[in-house]
Amino acid sequence: MDRNSIIGVALIFAILVVFSIVNQPSQEQIEAAKRRRDSIALVQAEAERALLQEQERRQSAQPAEPEELLPDAVDEGSKLQEKIDQFGVFGPAALGEEEFFTLENNLMIITFTNKGGKIYSVELKNYQTHDSLPLILFEGDKTQFGLNFFAQNRSIQTEQLYFTPGFRQKSVVVSGPEVRTGSEGRIRFNEDHPGGKESVSFRMEVAPGRFMEHIYTLEYNSFLVDFDLNIQGMEQYIAANQTQLNFTWSFDVPRQERPSRFGEDRYTNITYKFFEDDVDNLSQSKSDEENLSTRVKWIGFKQLFFNSTIIANESFPNAYVRSERFEDHPKYLAHFSADIAIPYQGTGSEQVGMQFYFGPNHYQTLRQYGIDLERQVYLGYAIVRPVNKYLIIPIFNFLRRFIDNFGIIILLLTIFIKTILFPFTYKSYVSQAKMRALKPEVDEITKKFGNDKPMEKQQATMALYKKAGVNPMGGCLPMLLQFPILIAMFFFFPTSIELRQESFLWATDLSTYDSILDLPFTIPFYGDHVSLFTLLMTVTTIISTRLNQQATTSQGMPGMKTMMYMMPVMFLFILNSYSSGLSYYYFLANVITIGQTYLIRSFTNEEKIRAQLQVNKKKPVKKSKFQKRLEEMAKQQGRPSSKKK
């Protein structure tokens, strides 16, 4: 070998030495590689242990010859290995058979499944669907309920894993004293008459002392279910960079009421409350979604009369909610889903507390929890909501304590409201009588100025009213007072669960429309049925409008009179598919108004009113202090200008 060859070999050797030194792994990399090897070895050891335990269990349960067990053992082993490859250390929990368990009190039956340790369905015991079937808030394999997270570079969904129940019996019943009607789910009643409390737990264990556990607790006579999530010793498996776990809850919303575009189809949506803030909701008329980027107190899957709501003990960091509406589906209204962030700190022991409310949209029941759950009962716009909240609901609940017939309750409620408004109604009629008494003078003013001088005619008419002591706006006060009540009732009756499936006369359900005739066809904007209460309301409204027109003196705006008669016909189409309780209330209000009109006419002497107006016209017109100040200011401003001239 010549000199050049020796130098070349030496250089190559030197380069290799330098390269190996430069690329030598650091101490941190060596330790990380060792941890990966240990983790892989742990998973393999856990898998082998689970496989051996499964084989031993089968051998002890059903002894057989080794030759007969070998194919099954190989098959089970391959299935287990497949699950380990898919779920890692959680693989053994992916094998099992689904079983169902129930927990019930006097109000509901909750069905659980060991697959995911989740709530499978909820049945409310004291209610039925419109076709007399058990009322199920949600159920089925399509229901999603569980945690999603990353562990060992794998996506884990707990609803795909089998949990072990921590109790023996298939059905657990919570007992307690008899509950009187109207006290269902009431905290005050439970404090005075305490019942039992039961808990059921489901645990998914990957190693001794390393598990996830779902604990559900139900008290007697309560619509609330406590849900505690325990995570023990999982920090070794769950990715260290995760500060939150994702909890997914979704299901198809079953139809509970008969189809109506003004009923359940209209009031089904997702509502939510921001932590220490206001309540908001997704659209009621179309599919919608929202990213709730700030803390959330609760999320409710709401229907017309019932809701399923998840409530944080403290708050959820954020959430994403979505509703997908189903158009004209015979069984389901929509698909609701919520992806909720659950705080996770990566410690050896963590607990997260939540609650579920499964029950009716009853205002007083929801209000007692003090977290604005009652806002899921839609009471109308902000301007009329206080009328329902502070007037209608208290009176309605008071009457309900003594009367069981809701038709009678609505009648007494109507009489009470019309009695309160009667003084204003009387004042309005007297004001209209004064206007009629001045009609001859108003007609003379009209002839004098004609239509060419509308400003002069208006000024002369107002001067006449002022001189006679008549307020032309006096007849508007009762309408202004009645209007918020009429609108409040428009929202109260269709959403009042107390009226649900309560019959009166020919109406089988006061919460929805009554029908005396089902049509073989559909009339646009009207429907395929005839509501008798709506017809009665329309007829009495026309009569009331006629009496009101007779009491007025206006000769102008003839189109307005036509519109006043068109309004009842329009409401005939609008209210035909609305709550029959609402049409019944409007009908009663019209009848009482007609009776009050004839009663006031019987003891009102319009001749005396006219004579008094003539006396008033002879008296000097009293000027208000404000008017006197204006005239004085005008005089003071006019004096300097006259001197200059």
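The lining of the second largest cavity in this predicted model comprises, by class, 6 nonpolar, 3 polar and 1 charged residues. The volume of this second largest cavity is about 50 Å³. Its lining is formed by L137, F251, V253, F301, K302, Q303, F306, N307, S308 and F336. Strand 12 (244-254), strand 16 (296-302) and strand 17 (306-316) are the elements that contribute two or more residues to this lining. Of these, strand 17 provides the largest share of the lining of the second largest cavity, with 3 residues.

In total, 3 cavities of 30 Å³ or more are present in the structure. By class, 7 nonpolar, 6 polar and 1 charged residues make up the lining of the largest cavity.

At the level of secondary structure, at least two residues of the lining of the largest cavity are supplied by each of helix 5 (363-367), helix 6 (385-400) and helix 10 (477-495). Helix 6 makes the greatest contribution to the lining of the largest cavity, giving 3 residues. At the level of domains, domain 1 (86-174 + 186-378) and domain 2 (392-618) each provide at least three residues to the lining of the largest cavity.

Key. Residues numbered from 1 in each chain as written. Predicted model: local features only at pLDDT ≥ 70, side-chain atom pairs only at ≥ 80, totals over all residues. Heavy atoms only, no water. 1 Å grid on protein atoms, 1.4 Å probe; cavity = no way out; pocket = protein on both sides within 12 Å on 5 of 7 lines; lining within 4 Å. Points joined across faces, edges and corners; volume = space filled by probe spheres on them. Helix = DSSP H or I, 4+ residues; strand = E, 2+ residues; numbered from the N terminus. Nonpolar A, V, L, I, M, F, W, Y, C, P; charged D, E, K, R; others polar. Domains from an automatic or database assignment.
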